[in-house]
Amino acid sequence: NNVYGSTTIQKGTFSKCVDGDTAYFIVDGKEEKFRFLAIDTPETVSTTVSEEPFGKEASDFVCQKLSNAKEIVFEYESSKTDKYGRILAWIWVDGYLLQKEIIETGYGKVAYIYGNYAYTDSLCIYEKNAKENKLNVWSQGSYEQGYCSKISTDSIEDNISYEEIKKSLNMLEKADETIKKLEKIDDKITSSLDENSDKIESILLYVIIALGLIVTIIKEIKKK
(Lines give C-alpha, C1' and ligand atoms only; values in the text may rest on other atoms or scores of the structure.)
Protein backbone atom coordinates (compact mmCIF):
# COMPACT_ATOMS: atom_id res chain seq x y z
CA ASN A 1 0.00 0.00 0.00
CA ASN A 2 1.04 3.60 -0.52
CA VAL A 3 -0.38 6.71 1.12
CA TYR A 4 -1.55 9.40 -1.29
CA GLY A 5 -3.02 12.52 0.35
CA SER A 6 -5.80 11.35 2.66
CA THR A 7 -6.22 8.10 0.72
CA THR A 8 -4.24 4.92 0.17
CA ILE A 9 -3.53 3.27 -3.18
CA GLN A 10 -2.85 -0.35 -4.08
CA LYS A 11 -2.57 -2.42 -7.24
CA GLY A 12 -4.58 -5.55 -7.95
CA THR A 13 -5.88 -7.76 -10.75
CA PHE A 14 -9.38 -8.58 -11.94
CA SER A 15 -10.91 -11.89 -10.86
CA LYS A 16 -14.62 -12.00 -11.78
CA CYS A 17 -17.69 -9.84 -12.38
CA VAL A 18 -20.73 -9.53 -10.15
CA ASP A 19 -22.77 -6.57 -11.41
CA GLY A 20 -22.44 -2.90 -12.33
CA ASP A 21 -21.00 -1.75 -9.00
CA THR A 22 -19.41 -4.89 -7.54
CA ALA A 23 -16.59 -7.23 -8.60
CA TYR A 24 -13.93 -9.57 -7.27
CA PHE A 25 -10.23 -8.72 -7.47
CA ILE A 26 -6.98 -10.36 -6.43
CA VAL A 27 -5.09 -8.25 -3.89
CA ASP A 28 -1.90 -9.48 -2.21
CA GLY A 29 -2.61 -12.96 -3.53
CA LYS A 30 -6.11 -13.10 -2.04
CA GLU A 31 -9.48 -12.79 -3.78
CA GLU A 32 -11.55 -9.94 -2.31
CA LYS A 33 -15.05 -8.63 -3.04
CA PHE A 34 -15.11 -4.92 -3.86
CA ARG A 35 -18.01 -2.48 -3.85
CA PHE A 36 -17.30 0.53 -6.07
CA LEU A 37 -17.29 3.58 -3.83
CA ALA A 38 -19.92 6.34 -4.09
CA ILE A 39 -22.09 4.97 -6.91
CA ASP A 40 -25.13 2.76 -7.43
CA THR A 41 -26.14 0.90 -10.58
CA PRO A 42 -29.42 -0.90 -11.32
CA GLU A 43 -29.77 -4.31 -9.67
CA THR A 44 -29.19 -7.57 -11.54
CA VAL A 45 -28.33 -10.14 -8.85
CA SER A 46 -30.18 -8.89 -5.77
CA THR A 47 -32.19 -11.41 -3.74
CA THR A 48 -34.62 -8.74 -2.54
CA VAL A 49 -35.59 -6.98 -5.80
CA SER A 50 -36.10 -8.12 -9.39
CA GLU A 51 -33.69 -7.15 -12.16
CA GLU A 52 -33.95 -3.44 -12.88
CA PRO A 53 -33.86 -1.71 -16.29
CA PHE A 54 -30.31 -1.22 -17.64
CA GLY A 55 -28.93 -3.46 -14.90
CA LYS A 56 -27.59 -6.01 -17.38
CA GLU A 57 -26.21 -3.28 -19.65
CA ALA A 58 -24.40 -1.66 -16.71
CA SER A 59 -23.02 -5.02 -15.61
CA ASP A 60 -21.82 -5.89 -19.14
CA PHE A 61 -20.21 -2.45 -19.51
CA VAL A 62 -18.25 -2.84 -16.27
CA CYS A 63 -17.30 -6.46 -16.93
CA GLN A 64 -15.93 -5.57 -20.36
CA LYS A 65 -13.83 -2.74 -18.91
CA LEU A 66 -12.39 -4.91 -16.15
CA SER A 67 -11.83 -8.00 -18.29
CA ASN A 68 -9.69 -6.01 -20.74
CA ALA A 69 -7.82 -3.99 -18.12
CA LYS A 70 -4.02 -3.93 -18.24
CA GLU A 71 -3.67 -2.08 -14.93
CA ILE A 72 -6.08 -1.80 -12.00
CA VAL A 73 -5.41 0.51 -9.07
CA PHE A 74 -7.55 0.82 -5.94
CA GLU A 75 -7.76 4.12 -4.11
CA TYR A 76 -9.12 3.75 -0.58
CA GLU A 77 -10.79 6.36 1.60
CA SER A 78 -10.72 6.25 5.42
CA SER A 79 -13.70 3.84 5.52
CA LYS A 80 -12.32 0.78 3.76
CA THR A 81 -15.23 -1.68 4.15
CA ASP A 82 -19.02 -1.55 4.23
CA LYS A 83 -21.37 -3.32 6.64
CA TYR A 84 -21.32 -6.43 4.44
CA GLY A 85 -17.53 -6.71 4.64
CA ARG A 86 -16.98 -5.65 1.04
CA ILE A 87 -13.97 -3.46 0.34
CA LEU A 88 -14.87 0.09 -0.71
CA ALA A 89 -12.62 1.78 -3.24
CA TRP A 90 -12.27 4.08 -6.18
CA ILE A 91 -11.36 1.84 -9.12
CA TRP A 92 -8.79 3.17 -11.60
CA VAL A 93 -8.70 1.12 -14.81
CA ASP A 94 -5.82 1.87 -17.19
CA GLY A 95 -5.63 5.42 -15.88
CA TYR A 96 -9.37 6.15 -15.94
CA LEU A 97 -11.72 6.27 -12.96
CA LEU A 98 -14.28 3.50 -13.49
CA GLN A 99 -16.92 5.27 -11.40
CA LYS A 100 -16.67 8.30 -13.68
CA GLU A 101 -17.10 6.14 -16.79
CA ILE A 102 -20.17 4.45 -15.30
CA ILE A 103 -21.77 7.76 -14.32
CA GLU A 104 -20.98 9.66 -17.53
CA THR A 105 -22.45 6.89 -19.71
CA GLY A 106 -25.65 6.90 -17.66
CA TYR A 107 -25.33 3.45 -16.12
CA GLY A 108 -25.74 4.60 -12.55
CA LYS A 109 -25.87 7.49 -10.11
CA VAL A 110 -23.82 8.94 -7.26
CA ALA A 111 -25.02 7.36 -4.02
CA TYR A 112 -24.10 5.94 -0.60
CA ILE A 113 -22.06 8.94 0.49
CA TYR A 114 -21.01 8.54 4.13
CA GLY A 115 -18.02 10.86 4.22
CA ASN A 116 -16.13 13.63 2.48
CA TYR A 117 -14.98 11.46 -0.42
CA ALA A 118 -12.46 12.63 -2.98
CA TYR A 119 -14.47 12.70 -6.22
CA THR A 120 -18.19 12.71 -5.38
CA ASP A 121 -18.88 16.33 -6.29
CA SER A 122 -16.92 15.98 -9.54
CA LEU A 123 -19.00 12.92 -10.41
CA CYS A 124 -22.11 15.08 -10.10
CA ILE A 125 -20.90 17.07 -13.12
CA TYR A 126 -21.04 13.89 -15.21
CA GLU A 127 -24.31 12.72 -13.68
CA LYS A 128 -25.94 16.04 -14.52
CA ASN A 129 -24.76 15.78 -18.13
CA ALA A 130 -25.96 12.18 -18.47
CA LYS A 131 -29.35 13.13 -17.00
CA GLU A 132 -29.76 16.13 -19.30
CA ASN A 133 -28.95 13.95 -22.30
CA LYS A 134 -31.24 11.15 -21.05
CA LEU A 135 -28.51 8.52 -21.32
CA ASN A 136 -29.51 4.94 -20.45
CA VAL A 137 -31.00 4.93 -16.90
CA TRP A 138 -31.89 8.62 -17.32
CA SER A 139 -34.05 7.80 -20.32
CA GLN A 140 -36.57 6.57 -17.75
CA GLY A 141 -38.63 9.25 -16.09
CA SER A 142 -38.84 7.12 -12.93
CA TYR A 143 -35.08 7.04 -12.24
CA GLU A 144 -34.33 9.53 -9.48
CA GLN A 145 -31.21 11.40 -8.47
CA GLY A 146 -29.87 10.99 -4.96
CA TYR A 147 -26.84 12.83 -3.63
CA CYS A 148 -26.36 15.02 -6.71
CA SER A 149 -29.86 16.47 -6.52
CA LYS A 150 -28.56 18.65 -3.66
CA ILE A 151 -25.31 19.66 -5.37
CA SER A 152 -24.88 22.71 -7.60
CA THR A 153 -22.25 21.83 -10.20
CA ASP A 154 -21.80 25.39 -11.50
CA SER A 155 -18.83 26.17 -9.26
CA ILE A 156 -17.37 22.66 -9.00
CA GLU A 157 -13.90 22.14 -10.44
CA ASP A 158 -13.40 18.63 -11.78
CA ASN A 159 -10.63 17.07 -9.66
CA ILE A 160 -10.66 13.61 -11.20
CA SER A 161 -7.09 13.07 -12.39
CA TYR A 162 -4.72 10.11 -12.56
CA GLU A 163 -1.54 12.19 -12.62
CA GLU A 164 -0.90 12.27 -8.86
CA ILE A 165 -1.87 8.61 -8.56
CA LYS A 166 0.64 7.79 -11.30
CA LYS A 167 3.43 9.73 -9.56
CA SER A 168 2.67 7.95 -6.30
CA LEU A 169 2.69 4.56 -8.05
CA ASN A 170 6.05 5.34 -9.66
CA MET A 171 7.50 6.16 -6.23
CA LEU A 172 6.03 2.94 -4.85
CA GLU A 173 7.53 0.89 -7.69
CA LYS A 174 10.96 2.51 -7.21
CA ALA A 175 10.78 1.77 -3.49
CA ASP A 176 9.91 -1.87 -4.26
CA GLU A 177 12.85 -2.10 -6.68
CA THR A 178 15.20 -0.68 -4.03
CA ILE A 179 13.93 -3.17 -1.44
CA LYS A 180 14.47 -6.07 -3.86
CA LYS A 181 18.02 -4.90 -4.61
CA LEU A 182 18.77 -4.61 -0.88
CA GLU A 183 17.33 -8.09 -0.31
CA LYS A 184 19.64 -9.50 -3.02
CA ILE A 185 22.66 -7.78 -1.43
CA ASP A 186 21.62 -9.13 1.98
CA ASP A 187 21.33 -12.65 0.52
CA LYS A 188 24.80 -12.39 -1.02
CA ILE A 189 26.32 -11.14 2.25
CA THR A 190 24.60 -13.90 4.23
CA SER A 191 25.75 -16.52 1.73
CA SER A 192 29.31 -15.18 1.82
CA LEU A 193 29.34 -15.22 5.62
CA ASP A 194 28.09 -18.81 5.67
CA GLU A 195 30.73 -19.95 3.16
CA ASN A 196 33.63 -18.11 4.79
CA SER A 197 32.68 -18.16 8.46
CA ASP A 198 36.01 -19.71 9.58
CA LYS A 199 38.08 -17.18 7.61
CA ILE A 200 35.99 -14.27 8.87
CA GLU A 201 36.35 -15.41 12.49
CA SER A 202 40.14 -15.54 12.05
CA ILE A 203 40.19 -12.08 10.45
CA LEU A 204 38.07 -10.65 13.26
CA LEU A 205 40.41 -12.20 15.82
CA TYR A 206 43.45 -10.60 14.15
CA VAL A 207 41.61 -7.24 14.02
CA ILE A 208 40.81 -7.45 17.75
CA ILE A 209 44.43 -8.34 18.61
CA ALA A 210 45.71 -5.50 16.39
CA LEU A 211 43.34 -3.01 18.01
CA GLY A 212 44.47 -4.19 21.42
CA LEU A 213 48.13 -3.60 20.48
CA ILE A 214 47.34 -0.15 19.08
CA VAL A 215 45.52 0.84 22.27
CA THR A 216 48.46 -0.43 24.37
CA ILE A 217 50.96 1.52 22.25
CA ILE A 218 48.88 4.70 22.50
CA LYS A 219 48.69 4.36 26.28
CA GLU A 220 52.48 3.91 26.48
CA ILE A 221 53.04 6.97 24.31
CA LYS A 222 50.75 9.05 26.53
CA LYS A 223 52.70 7.97 29.62
CA LYS A 224 55.91 9.31 28.08
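Predicted model: local features only at pLDDT ≥ 70, side-chain atom pairs only at ≥ 80, totals over all residues.

Author: Let's start with a term. A salt bridge is a side-chain nitrogen of Lys or Arg within 4 Å of a carboxyl oxygen of Asp or Glu. Residues are numbered from 1 along each chain as its sequence is written, and side-chain values use heavy atoms, with hydrogens and water left out.

Reader: OK. How many salt bridges does the count come to?

Author: The count comes to ten salt bridges.

Reader: Which residue forms a salt bridge with Glu71?

Author: Lys11 does, and the closest N and O atoms are 3.3 Å apart. This pair links distant parts of the chain. Glu71 is in the loop between α1 (55-67) and β6 (72-76), and Lys11 is in strand β2, 60 residues apart. Helices (H or I, at least four residues) and strands (E, at least two) are DSSP runs, numbered from the N terminus.

Reader: And how far apart are the closest N and O atoms of Lys11 and Glu173?

Author: They are 2.9 Å apart, in another salt bridge of Lys11. Lys11 lies in strand β2 and Glu173 in helix α4 (residues 163-195), so this pair ties together parts that are 162 residues apart in sequence. Lys11, Glu71 and Glu173 are linked in a network of salt bridges.

Reader: Is Lys11 buried, exposed or partly exposed?

Author: Lys11 is partly exposed, because its relative accessible area is 38%. Buried means under 20% relative accessible area, exposed over 50%, and partly exposed in between (1.4 Å probe, protein chains only). Glu71 is partly exposed at 22%. Glu173 is partly exposed at 33%.

Reader: Where do Glu164 and Lys167 lie?

Author: Both lie in helix α4, three residues apart, about one turn of the helix. Glu164 has 38% relative accessibility, so Glu164 counts as partly exposed. Lys167 is partly exposed too, at 47%.

Reader: Zoom out. How many helices and strands does the chain have?

Author: Five helices and nine strands. Along the sequence the pattern is β-β-β-β-β-α-β-β-β-α-β-α-α-α. Of the 224 residues, 34% count as buried.

Reader: In what sense do β3 and β4 pair?

Author: Antiparallel, over six bridges, with β4 covering residues 30-36. Two strands pair if DSSP finds at least two bridges between them. Thr22 stands opposite Arg35 in β4. The hairpin of β3 and β4 has two residues between the strands, and Asp28 takes a positive phi near 55° there.

Reader: New topic, rings. How many aromatic pairs are there?

Author: The count comes to eleven aromatic pairs. Rings of Phe, Tyr and Trp (its six-membered ring) pair if their centres lie within 6.5 Å; planes under 30 degrees apart count as stacked, over 60 as edge-to-face and the rest as tilted. Phe14 and Phe25 form an edge-to-face pair: 6.2 Å centre to centre, 70° between the planes. Phe14 lies in strand β2 (residues 7-19) and Phe25 in strand β3 (residues 22-27), so the pair ties together parts that are eleven residues apart in sequence.

Reader: Is Phe25 buried or exposed?

Author: Phe25 is buried, with a relative accessible area of 0%. Phe14 counts as partly exposed, at 23% relative accessibility.

Reader: What about the rings of Trp92 and Tyr119?

Author: Their centres are 5.8 Å apart and their planes at 85°, so the pair is edge-to-face. Trp92 lies in strand β7 (residues 87-93) and Tyr119 in the loop between β9 (109-110) and α3 (120-132), so this pair ties together parts that are 27 residues apart in sequence. Trp92 is buried at 2%. Tyr119 is buried at 4%.
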